[in-house]
Amino acid sequence: MIGLGLILPLVSTMFDKNKLKEFEFFIPDFIDLDKYSHNEYIYSLLLIIFILFSAKNILLFFQNYFVARYTAGIGLFIQKNLIKKYLNRSLHYFNSINSTIMIRNLTTEVSVLVSGVLVPFFSIITEVFIVVGIFLVLIIYNPKLTLLLLFMVSIVVVLFKFFFIEKLR
């Protein structure tokens, strides 16, 4: 939610101080806009944007770190359980199965599960939180228009599903 969209208020207020009034819904009521000079606005906006970008990047770093740590832990747990199951097998089982299959199950298949299922699952969860956050900001800013757009997009999705996806089956 914090990205390149923050640059538009900065650039527009650099050239025209009155443009800040268009974005005053983001400015708290206790800040008097007429009290500060144009350069103070620019410095303040640069500082706020720097702080927001830094906070966002720190949060993304920790989120990626914990997702990687958690998925690696799950992969290690699965590998340990597979090793335990292999160690409890009889000698006859090991004579009848190719050792490359066991090695593949311990290495490749577990990494495919982690990178192909778990990491995308956490990415989807992250994207859902971002969409919900954007929706909440839009609801706060303009609830009527947001609900109207949500209703229109829902109708388009239902029509698309009805006319195109059902026809393919």
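Reader: Start with the chain. What share of the residues is buried?
Author: This is a predicted model. Buried residues are 16% of the chain's 169 residues.

Reader: How many helices and strands are there?
Author: Six helices and zero strands. Read from the N terminus, the order of elements is α-α-α-α-α-α.

Reader: And contacts along the chain? What fraction links residues 24 or more positions apart?
Author: Take the contacts with a separation of 6 or more. Of these, 53% are between residues 24 or more positions apart.

Reader: Let's do helix packing. How do H2 and H4 cross?
Author: H2 covers residues 38-87 and H4 covers residues 99-106. Their axes come within 9 Å and cross at roughly 155°.

Reader: Parallel or antiparallel, then?
Author: Roughly antiparallel. Angles over 145 degrees count that way, so the crossing of roughly 155° qualifies.

Reader: Which residues meet there?
Author: From H2, Gln79, Leu82, Ile83 and Tyr86. From H4, Met102, Asn105 and Leu106. By class, this contact has five nonpolar residues, two polar ones and no charged ones.

Reader: Now H4 and H5. What is the angle there?
Author: About 25°, with the axes 3 Å apart. H5 spans residues 108-141.

Reader: Who touches whom?
Author: Ile103, Arg104, Asn105 and Leu106 in H4 meet Thr108, Glu109 and Val110 in H5. That contact divides into three nonpolar, two polar and two charged residues.

Reader: Switching topic. How many salt bridges does the structure hold?
Author: One. Glu109 and Arg104 form a salt bridge through their side chains, at 3.6 Å from N to O.

Reader: Why can side chains pair like that?
Author: Opposite charges can pair when the charged atoms come close.

Reader: How exposed are Glu109 and Arg104?
Author: Glu109 is partly exposed, at 37% relative accessible area. Arg104 is partly exposed too, at 40%.

Reader: Last one, Thr146. Which helix is it in?
Author: Thr146 is in H6, residues 143-168.

Reader: Buried or exposed?
Author: Buried. Its relative accessibility is 8%, and the cut-off is under 20%, so Thr146 counts as buried.

Reader: What does the side chain of Thr146 reach?
Author: The backbone oxygen of Asn142, at 2.7 Å.

Terms used
Residues numbered from 1 in each chain as written. Predicted model: local features only at pLDDT ≥ 70, side-chain atom pairs only at ≥ 80, totals over all residues. Heavy atoms only, no water. Helix = DSSP H or I, 4+ residues; strand = E, 2+ residues; numbered from the N terminus. Buried < 20%, exposed > 50% of the residue type's maximum accessible area, 1.4 Å probe, protein only. Polar contact = N/O pair within 3.5 Å; in protein donor to acceptor, adjacent residues only side chain to side chain. Axes fitted to C-alpha atoms, helices over the stretch in contact; angles between N-to-C directions. Parallel < 35°, antiparallel > 145°, perpendicular 65-115°, else oblique. Contact = heavy atoms within 4.5 Å. Nonpolar A, V, L, I, M, F, W, Y, C, P; charged D, E, K, R; others polar. Salt bridge = Lys/Arg side-chain N within 4 Å of Asp/Glu carboxyl O.
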